[in-house]
Every structure is written in C-alpha cells, then in structure tokens.
Amino acid sequence: MSISVKELSYKGEDNKEILKKISFEINEGEYCFFIGETGSGKTTILEILMGLLPGNNVKIFKKDLFNKENIKFIQKKISYVFQRCETQFFQTTVEKEIQISGDLIKAIKILKLLFLDYDEIKKKSPFELSGGEKRKLAITIALLKNPKILLLDEPTTGLDGKSSLELLEFLKKLNEKGLTIIQTTHIMEEVMEYATKTIVIRDGEVGYDGKDVFQQEKLLDRCRLEIPFKMRIINTLDKKNIYLKKNEIENFISEKLC
Amino acid sequence: MLNKLYSEKESIVHKIDVKTKIIYTFIYILSLGLINNLVTLFISCISLIFILIVSKINLKKISIFIKSILPALISIAIMYKFVLNKDNFEILRTTSVLIFSTVSISCFVMTTKVTEMAKAIETMIPFKTIIPAYEISLMFTISLRFLPIFIKEYQRVKKAKICRGIYIEEMKLKERIKNIMGYFLPVFMLSLERAYNLAIAMETKGYRKKNRKLKWNLKRLDYLTFYMFAGYLILIIGGR
C-alpha cells in the first residue's frame, strides 16, 4: 500500500475545519482521482500528502509521514505539481531550470513525449511560456525526481482539448509502468476514462471511495459534478438490464440511430 | 493585512477624524523624546493606557506587535548596559519609547480602516496642484493590498522549493544567500503579473482619477480631543 490516511483532520485560517476526520487508502500503481466542489479540501489533501501542511495519521510507504526522521525521505519520493505551476519555477531560463532539476537528456525525452520542443523553449524564461507549456514543463521537472508517487492539482486547467488528452494519455502510460498518480479534477470525463479509484470529497469529508463513482448520482449532484453523457446512457441502459462497456456505447447509439 | 488588524468597535477613538488621529499619533511619538525623568515617563504611559482603554481594542492583538519588537528591545537593552555602559533609567527610557511608539501606532492601525487612512493622507497632502496626492494615496492603498499577496506568494515558493527537494534550512550560509534569488525571482515575477492584471482590470472598468476636493471638515469631538491632547502636552512639558 502506498498511502494510508486515518481520521485526518485539518483546520485552516480562522480555525475553520477544512478536513473532518477523513480516512482512505491508495494502493501502489493506482490512478486515483479526488473530486469535489471548489473549496471542498482537495488541494489541502494533496498538500498534506506532500508534507507541506501539518497533519496526523498519514502513512506513506508504511512510514509515518509526520515523523521528523521520515518526512524528508518521503518528500524525495513524491512529486507535486501545483495548480498554479508557475510558482514552481526559480530560474531565468528553461535551460537553467532543467539543469538544476536533473538529467537533461531525460528531460528532453519527456518534453518530446509531451509534444514540446526543448530547443525552441530553452532560452525562454519559464514565466514567458504559455499556460500549457508551463504545465508541461512543470510536469517534466516533477518527473526528473524519479518519484514513486505523482501528485497533480488540476493538471488540465487551462489546456486545450488536444493538449489535455495528450497529457492524460502520457500520464496513463506512466501509471501503467507502475507510477502511482493522485490527481484532483472537476472534469468528469477524465475520471471516466482514466480513474482506477475515485474519492469524492464533500465539505471536508469523504463522500465516496471506490471504483464506480458514477453509480452515486445523488452524491455527484450534491457536489455539483455532472455525470458525462456516455456514462448517463450506460446508467440508463443498466437500469433496463442492458449492460454495455464504455467503448461499446458509441457503436450502440449509431446502430440505434441508423 | 492592515484590514485584518482593524477591529470594528464603538469607541471615541474610532469616531475621531482619521486626520487628527494621524497628527496625534505623530506628535505623541515626538513627545516621547521629551521624556527625561520618571514623572514624564509615567505621564506618557498613563495617557497611552487611557487611550487603549477608551478605544476598547483587544489587548492580545497589541501583544503581537510588542512580540515582534521584543528581540530588538532585548538587544538594545544589552547593548546599552554592557557596550555603552548607560544607567538603568536610560535603558528604561529607550525601551519604553520603543514600546510606546509601537503601541500607539498599532492602536491607530487597529482603530482606522485602510480606505479612510488613504483618504486622510490624500486630504493632508498640501499643494495638490504640484504634488500628485490622489496617486500617492492610491499607491498607498494598493501597496497595502499587495502585502498579504507577497507573503502568500513567498509561502507558496517555499513549498515549491520543498517539492523540488531544496531545503534552505539545511544549507550553509553561502548557499543560502545564493538561493535567496530563487525566492525573489518567482515572487517578483508573479507580483508583476498581478500588478499588470490589476492595471488592465482598472483600465477596463474605466477607473479614472477623481477630481474631488477634499476638505478637513473636523467635528466637535475632534476639537474636544484637541484640548485633551494639548493637556497631555502641557503635562509632559511641565513634568520635565
């Protein structure tokens, strides 16, 4: 097991309770999604898992995260890409940024897989890059650490449709190679396509923890999350005892329509 | 940040005109220079305590300000005693002056809204045809608004450093100084971006300089407090 959290609570500014005794477990090699309304506490969970905020009862790699002897060891095995990823850049050029982070050849390879030309951007300031380029660079730098767990806070925000798809497919390949990925999102299509586990956070509590989140229609509705069209059809057909997989749904509709 | 410190209360100090409050605070701090014996020190202390009681502000909040200057107070006291060989009254006088000034300024900040403060500064600036008073007060308000953002950005950059495996507390002094650039660059770049966005937002909302004529318009209460303050000054000069 990669991560084990038991009755984790967190109080923010003005003593406001952000997380209320939440518990969950994430296994090694899982692609876990945290979903929920804005302000429900998703980012706080990621920051606690990275050891950036104080917490309690968090075990990563069977070690207590908040033990002084363990925290740095664990932090070195986890990478975290912020939602505002530009705060993670410190250097004047992309070249320098990569140099201080790790292996240049590996970085060029990752950037290529993310459809970003290193030669084109190496002399630019990382703050000058477009939103999508910044995010791809931040993910590349995060991966240079050779992490065992990758934490991503809404990585597709600000990306166009194709770039989002490319990024998620790339992350899926990494996950298939054994990297544990924990991601927050509002986009339910991403959850439908890539999640092996979904945790719904509602008002600082775990509303749902499992693999079949789309069966929880009422909970998702309460969290202001919309079930994707494909999934709604599958759920409707399920009720009529017609069982279809996600990839079969398009053929089924076209057959019925034509 | 200053807005957070402001505490809404129904008190005479809250009701006094901000302009007069600025003048009183300024003159009070200057008057601390007149302290030369225990009597004048006592008068200044008692009058400050009186103001604090009348203003109904939370004394716990005041202690935050005093805590922040505590290291400076201790080092001054040690320096006066062992390096400059000053007598005990001199040490008491210097530390008291520092504490009284800090408390009086914090009392002013805690009883005045930032917007009112900016408006008062604009009113008080003379020769408005030559000095850009409106711009100065606007700059003052915006810079105060930006302070907490600066702090938040700094904390975010600190977190980002940890994510990249850079622990500043583990570094040697030379490396630490080298790494400071790594803090300033993102904080300033992001703040510049914010400032640029703010400028655009103000432009799109049609924000223009207001040609307003600000008057002093002092109330009866302000004149009343003037007599009380004059009384304090007479007492402190008489006590010398």
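# A walk through a two-chain model

The domain assignment of chain B gives two domains: domain 1, built from 7–126 together with 216–238, and domain 2, covering 133–204. Between the C-alpha centres of domain 1 and domain 2 of chain B there are 31 Å. Where these two domains of chain B meet, 7 residues of domain 1 and 7 residues of domain 2 take part in the contact. On the domain 1 side of that contact in chain B, 4 residues are nonpolar, 1 is polar and 2 are charged.

Before going further, please keep in mind that this is a predicted model. Its scores are ipTM 0.81 and pTM 0.75. For chain B, the average pLDDT is 85, and 97% of the residues score at least 70.

Let us stay with chain B for a moment and look at helix H6, where Phe89(B) is found. If you follow the chain 150 residues along from Phe89(B), you reach Gly239(B), and the C-alpha atoms of the two are separated by 16 Å.

Have a look at its backbone: the phi of Asn85(B) is near 50 degrees, a positive value in a residue that is not glycine. Asn85(B) has 8 C-beta neighbours inside 10 Å, so it counts as exposed.

Asn241(A) counts as exposed because it has 6 C-beta neighbours inside 10 Å.

Now step back to take in chain A as a whole. Its secondary structure comes to 11 helices and 10 strands. The radius of gyration of chain A is 19 Å, close to the 18 Å that the globule rule gives for 258 residues, so chain A is as compact as a globular protein of that length. Taken along the principal axes, its C-alpha atoms fill a box of roughly 60 × 45 × 35 Å. Of the 258 residues in chain A, 38% are buried.

The domain assignment of chain A lists domain 1 (1–77 + 147–216), domain 2 (91–145) and domain 3 (228–258). The C-alpha centres of domain 1 and domain 3 of chain A lie 30 Å apart. Their contact takes 4 residues from domain 1 of chain A and 5 residues from domain 3 of chain A. On the domain 1 side of this contact in chain A, 3 residues are nonpolar, none is polar and 1 is charged.

What holds the interior of the picture? The largest nonpolar core has 66 residues, and those touching the most other members are Met50(A), Tyr80(A), Val81(A), Leu151(A) and Ile182(A). Helix H6 (residues 131–143) of chain A gives the most to this core, with 6 residues. To see one of its members in its setting, turn to Leu151(A): not counting residues up to four places away in sequence, Leu151(A) touches Leu46(A), Leu49(A), Met50(A), Ile78(A), Ser79(A), Tyr80(A) and Ile182(A). There is also a second, separate core of 14 residues, and Ile16(B), Ile51(B), Phe100(B) and Phe108(B) are among them.

Another residue of chain A worth a look is Leu167(A), in helix H7 (residues 161–176). Leu167(A) has 21 other C-beta atoms within 10 Å and is therefore buried. Leaving aside neighbours within four places in sequence, Leu167(A) is in contact with Leu114(A), Pro155(A), Thr156(A) and Leu159(A). Leu114(A) and Leu167(A) are 53 residues apart in sequence, yet 6.5 Å apart in space, C-alpha to C-alpha.

Finally, let us bring the two chains together. How many residues of each chain are in contact with the other? There are 16 from chain A and 14 from chain B. On the side of chain A that touches chain B, helix H2 (68–75) and strand E6 (78–81) of chain A each supply at least two residues. That side of chain A divides into 7 nonpolar, 5 polar and 4 charged residues.

Note on methods: Residues numbered from 1 in each chain as written. Chains lettered and ligands numbered in written order. Predicted model: local features only at pLDDT ≥ 70, side-chain atom pairs only at ≥ 80, totals over all residues. Buried ≥ 20, exposed ≤ 12 C-beta atoms within 10 Å, placed from the backbone. Helix = DSSP H or I, 4+ residues; strand = E, 2+ residues; numbered from the N terminus. Nonpolar A, V, L, I, M, F, W, Y, C, P; charged D, E, K, R; others polar. Core = buried A, V, L, I, M, F, W, Y, C linked by C-beta atoms within 7 Å. Domains from an automatic or database assignment. pLDDT = per-residue confidence, 0-100. Rg over C-alpha atoms; globule rule 2.2 N^0.38 Å.
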